[in-house]
Amino acid sequence: MTARSALSRRGFLGTSMLFVAGSVVACSSDPQGTAAANGADVTLTQWYHQYGEEGTQAAVKRYAAEFTEAHPGIAINVVWGADVSQYETKLNAALLGDDAPDIFELGDFRAEMARKGQLEPLDDVYGAAKSGFNKADLDYLTVDGKLYAIKTMDDIMVLYYRKSLLKKAGVTPPSTFAELTDAAKKLTSDGTKGLFIGNDGIGDSPYLLAWSEGVDLIDGDKVVYADAARSIGGLRDLHADKSVLLGFTTDWYDPGAFNQGAAAMQWCGLWALPAVEKELGDDFGVLPWPAYDKKGRAVARLGGWSQAIHARSKHVAEAKKYLEWLWVKQTDLQIDWAVKYGFHVPAQTEVAAKTPEFGKGAAKEAARISTEHGKSFPAEWTQAMQAGFIAAAAAVAKGAAPARTLDKAQAKAQADLDKQTV
Amino acid sequence: MTSTLDAPRTAPRPAGVKRPPRASRLRGTLLGSVLTYLALCLLAAVCLIPFYMLLRNALMTTPEVTSTDWQWLPGALHWENFTGLFDNPERPFGRSLMNSLIIAVVTAPVATLFASMAGYALARIAVPGRAVVLALIVGTLMIPQAVTFLPTFVVVGSMGGVNTMWGLIAPGLFNAFAVVLFRSFYLSFPAEIEEAGRLDGLSHLGVYRRLILPNSTTMIASLGALSFIDAWNSFLWPLMIGQDPNSWTVQIALSSFLTSQTVDLPELFAGTVVAILPLVIMFLVAQRHIVQGIAMSGLKS
Amino acid sequence: MTATDTPPLHTDAVPPAPAAAPRRRRLSERRAKILAFAVLTAPMLIGLGIFRYVAIGWSFLLSFSEARRTIALGDWVGLDNYQQLLSDERFRGSLTMIVLFTALIVPLTFAASLGLAVLVNRVRRGRAFFRTAFLLPAAVSYVAAAMIWKMSLFSGVPSGLANTLGALFGADPTPWIQTQSPPLYWIVLVTLRLWLQVGLYMILFIAGLQSIPRHLYEAAELDGAGPWRTFRSITFPMLRNTSVAILLLMLIAALQAFDEFYTIFSTGASLGSEPVRTPLMHLYGVALQDQDYGVGSAGAFLLTLLIVLVTLLQGRILGFARDKD
């Protein structure tokens, strides 16, 4: 008994010591520190969010390796990060500490990051190539006259529709919101819903509705989305018909519901096009979100990802060199990045024109929608504003009075905006 | 199973007291116990349904899972769902399991040891200012853990702990509640042990190390088991601290199944099985300690 | 726990020590005591100092600062952050919602775990089996459970368990988590937490039940009291202390709900469409997603205040009840 308990005590202490030691080892082999690789003078840490497409991680690592080959003094430590929903949160957290990455991806660009001095201006990275970039993107990434990020791809989101199902139901591709509601209703049958815009039944639709009525979210230093009370009020009709698919296994950004026939129309990104094509052949088409009424305009959301440099990085010059090399000069790699894994539009207009995949069919149509109807969030838009706006729209969909609900949310968003600009 | 909770209800009956001899009562008891068993079986079945669903789905193919025709069992057992978990380079599931294991295995003994040390000192070593120290430790219990997540994040972040193993582990090592439990445990500790040790010339630390610790193994095992469970299942803290998938815990990896762009249902369920398996096994094997730990921490609060 | 209170002694593990001179020993005794005390409490004090006291203090100061995208102090704004949060309808909504949730889940869990404890405690054979069956869910994390609930039991597709059962009665597939009127998501949230917690509290109740002196039941049996009367006049009153402790644990746990709400309602892309959010979810959004550490910290203290108020209220109500007895 004595021997055993002494043994177990020693074992207990020994084990805990062992694991303390183990954790120290684990700490020192921390991902941030690993790539003091093969004799490079400078190691840049670069964060990506987790792309869903196979091969993306290998691709960015390959680009980094090619860069190091061309510039032996600079190694890149690629950190493949969290998925979209958590990436920004964690990036923000990291930017507070000392282990912040030198280069990082940004999904929704936040002007406040530039104004608070977290981002390095990149005008010199663009240089003369600036005029070759998509004008809408440049405007989006410019804060107080300086460019703070470089777009690596454009993602256009469009309305996919099943041609055969529309034909069977006797409806034409909708060109107004009323037609969309009507089509969704007629397309709803046993086992198939008319429209899928997100598992929550909201998705991006509040933005699209506002824009399609000709109302923006922010105008100058004023939040103005409550002017779109009429169109956003339309969500209630859409939901009242029970023609909207809710609670599917995958969300709107995955073509699963559309491909499996759970919905006849789905709001999704261009990135899903190869998967849809593989599943449905040519039995589908793409549309922008229809104009709210005859006076409105058709819109599509323009998203995508950018790269930015941390202003407090110790290696700003090297980081700039890398961004310029990859995202300004290496057009082959840009095309590879855009179309070899997922399906995105290269950010430089000329490069996009050279990409053969955008020469025909639905892809060509989507590229057209991107230039003619594409719209980005305002750079002053924040997650809090988004949360407030979406919550208000969700309340409207549930039956709350549109004007009053949106007004309230707008006042809150205005306070946020005022805080940013002081 | 020797825990007191298993003690059969064969209480000593006062002499001369007989069971009431009425037949109706006897019938009532019989009926009552049949009903009790029936109810218990039913409730246990309901309680176990989620486990069944989980296992069933984890061994099916996607079409089987999403099929509208109900199937009690998978057509064939698709173990490849489990192996598939570990060869996806985009989601380092094996690594996240390893991380969770390291965190739990470090946290459980170290946190319990720290609590035991402080608990012993507070109970048995009379020094001036002891009450103040006790108050300082108990004081942290007034503010709920979940509310301190933000301040703690601020501190750990400013110390460069974001995305590091120590950042994940360190804040969980200091459990004031366990200190209180250990303190009351050591308060009722027989004093003879220490006296004997002191007479033999052991220092206070020597007494603690050689006599007290070996005599607290039951207590340490119980609280250590609870601490292990907490560390394994914790979500909010690792969610905030770990950015790089290499520092994900298994809970975070699991939640990433839901938000990733394409959902592989059977793999998601297989991942859930793997994530809960260690604790389920632990519950089955070390139930005595866990039950005691729960009962202790609940009743002493 | 009587089982652990009197451990066997192992005094023979002590090696023989040289007898020290008594005078020297007395002189150094005080210092040795203080040293030993310091060494033993140091890890805990340092850890709590950094991760609780410094953290709470810093956060308290932050709550009076303008701190967007920074955790530096200095830009003092008084009570603005508190005011902003309290005027925020979504935060107030989250407070209302968590009180509702607590009012729903706590009595349910309390009744269910007490009921199970009484049932399990009544049977002689198979007690260990039933106890294990009910305790097993406690091994599952909220995230894992939310996964099972969201993707399998209450999934919106026809193959979900709830919808499969519904189909037997001719019901259409229902999106349980997204349906707002009636708010079916409450069923999802409440059953999940109930399943996870009921075993733990059952254990506590069983421990309480077994500390009730047997002779009370013998006496009741002699008096011919039925099971319900026995429960009401003996079991329940004798469980008072256990019940108070359990209620407190349940209340605090419910008010801090985060994991399952987050997992069930996270959609990966859009934020804000979740039908209900807990205060902690709101603060997570404010501080970590929107990077407003000032307002986030203020919220942490408001939530603390709510928890303290509710626990005080509970103490008061139960205190009054005791006076009446």
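Mentor: Happy to! Keep in mind that this is a predicted model, and let us begin with helix H4 of chain B, which runs over residues 93-124. H4(B) is built from 32 residues and reaches 46 Å from its first C-alpha to its last, close to the 46 Å expected at 1.5 Å a residue. Is this helix mostly enclosed or open to the outside? Of its 32 residues, 26 are buried, so H4(B) is largely enclosed by the rest of the structure.

Within chain B, confidence is highest in H4(B), at a mean of 94, and lowest in helix H15 (residues 287-300), at 76. Chain B as a whole averages a pLDDT of 83, with 85% of its residues scoring at least 70.

Now for what the record says about chain B. An unreviewed UniProt entry annotates residues 28-53, 101-122, 134-159, 165-186, 207-229 and 268-286 of chain B as "transmembrane region". We can check two of these spans against the model. Residues 207-229 of chain B are 83% helix and 0% strand, and their end C-alpha atoms lie 30 Å apart. For residues 268-286 of chain B, the figures are 95% helix and 0% strand, with 28 Å between the end C-alpha atoms.

From there, move across to the partner chain. Where chains C and B touch, chain C brings 107 residues and chain B brings 104. Which helix gives the most to the chain C side? That is H2(C), with 22 residues.

Residues 95-120 of chain C are 100% helix and 0% strand, with end C-alpha atoms 36 Å apart. Over residues 238-258 of chain C, the model has 81% helix and 0% strand, and the ends are 34 Å apart by C-alpha atoms.

Chain C is also assigned two domains, domain 1 (23-80) and domain 2 (82-324). Their C-alpha centres are separated by 34 Å. The contact between these domains takes 12 residues from domain 1 of chain C and 11 residues from domain 2 of chain C. Here we meet helix H2 (residues 22-62) of chain C again: H2(C) gives the most to the domain 1 side, with three residues. That side of domain 1 of chain C divides into five nonpolar, three polar and four charged residues.

Finally, a glance at chain A, which is divided into domain 1 (35-155 + 303-375) and domain 2 (156-301 + 378-421). The C-alpha centres of these two domains of chain A lie 28 Å apart. Their contact draws 24 residues from domain 1 of chain A and 22 residues from domain 2 of chain A. On the domain 1 side, H18(A) gives the most, with seven residues. The residues on that side of domain 1 of chain A comprise 10 nonpolar, six polar and eight charged.

Conventions. Residues are numbered from 1 along each chain as its sequence is written. Chains are lettered from A and ligands numbered from 1 in the order in which they are written. This is a predicted model: local features need pLDDT of at least 70, side-chain atom pairs count only at pLDDT 80 or more; totals for chains, interfaces and linings use all residues. UniProt positions are given in the numbering used here, feature names are shortened, and annotations may be inferred rather than shown by experiment. Helices (H or I, at least four residues) and strands (E, at least two) are DSSP runs, numbered from the N terminus. pLDDT is the predictor's confidence in each residue, from 0 to 100. Domain bounds come from an automatic or database domain assignment. Two residues are in contact if their C-beta atoms, placed from the backbone, lie within 7 Å. Ala, Val, Leu, Ile, Met, Phe, Trp, Tyr, Cys and Pro count as nonpolar, Asp, Glu, Lys and Arg as charged, and the others, Gly among them, as polar. The expected span of a helix is 1.5 Å times one less than its number of residues. A residue is buried if 20 or more other C-beta atoms lie within 10 Å of its own, exposed if 12 or fewer, and partly exposed in between; C-beta atoms are placed from the backbone.
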